[in-house]
Amino acid sequence: MTVLIDQPRWPAHDMLWSHLVSDSSLEELHAFALRMGIPRRGFDLDHYDVPEARFDELVAAGAEPVTIRQLVERLAASGLRVSQRERRALDATN
């Protein structure tokens, strides 16, 4: 069971963001986020978006830094990844 974080490289709201995921369960991910004070509104179906300013703190707390490729591969292997197709389908129903 591991919480993973990619390098902050995703621009939005005048800052860079990382993705925080679990390679085993959403429960583990939510528990880590709660423990670290990450608001639930940052959760996006299979990951939390976290600002660059929190990266070092999250790594120090146990999140494993990985490349975006490693993050996607491990998230997919866990069965927790929500694909772009699934995201579009969910958006269409909302």
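This is a predicted model: local features need pLDDT of at least 70, side-chain atom pairs count only at pLDDT 80 or more; totals for chains, interfaces and linings use all residues.
Reader: Why are Phe 43 and Tyr 48 called a tilted aromatic pair?

Author: The ring centres of Phe 43 and Tyr 48 lie 5.2 Å apart, and rings pair if their centres lie within 6.5 Å. The planes make an angle of 55°; an angle under 30 degrees would count as stacked and one over 60 as edge-to-face. The pair is therefore tilted. The structure holds 1 aromatic pair.

Reader: What makes Tyr 48 buried?

Author: Tyr 48 has a relative accessible area of 1%, and buried means under 20%, so Tyr 48 is buried.

Reader: Why does Phe 43 count as partly exposed?

Author: The relative accessibility of Phe 43 is 22%. Buried requires a value under 20% and exposed a value over 50%, so Phe 43 falls in between and counts as partly exposed.

Reader: How do you know that the charged end of Arg 9 sits over the ring of Trp 10?

Author: The charged end of Arg 9 is 5.2 Å from the centre of the Trp 10 ring, and the distance limit is 6 Å. The definition also requires a position within 35 degrees of the ring normal. Arg 9 is assigned to a place over the ring of Trp 10. Arg 40 likewise lies over the face of Phe 43, at 5.7 Å from the ring centre.

Reader: What makes the contact between Asp 23 and Arg 74 a salt bridge?

Author: The closest N and O atoms of Asp 23 and Arg 74 are 3.0 Å apart, and the limit is 4 Å; the contact therefore qualifies as a salt bridge. This pair links distant parts of the chain, 51 residues apart: Asp 23 is in the loop between β3 and α1, and Arg 74 is in helix α3. Asp 23 and Arg 74 also belong, with Glu 64, to a network of salt bridges.

Reader: How many salt bridges does a search of the whole structure find?

Author: The search finds 4 salt bridges. Among them is the bridge of Glu 57 with Arg 54, whose closest N and O atoms are 2.7 Å apart.

Methods:
Residues are numbered from 1 along each chain as its sequence is written. Side-chain values use heavy atoms; hydrogens and water are left out. Rings of Phe, Tyr and Trp (its six-membered ring) pair if their centres lie within 6.5 Å; planes under 30 degrees apart count as stacked, over 60 as edge-to-face and the rest as tilted. Buried means under 20% relative accessible area, exposed over 50%, partly exposed in between (1.4 Å probe, protein chains only). A salt bridge is a side-chain nitrogen of Lys or Arg within 4 Å of a carboxyl oxygen of Asp or Glu. Helices (H or I, at least four residues) and strands (E, at least two) are DSSP runs, numbered from the N terminus.
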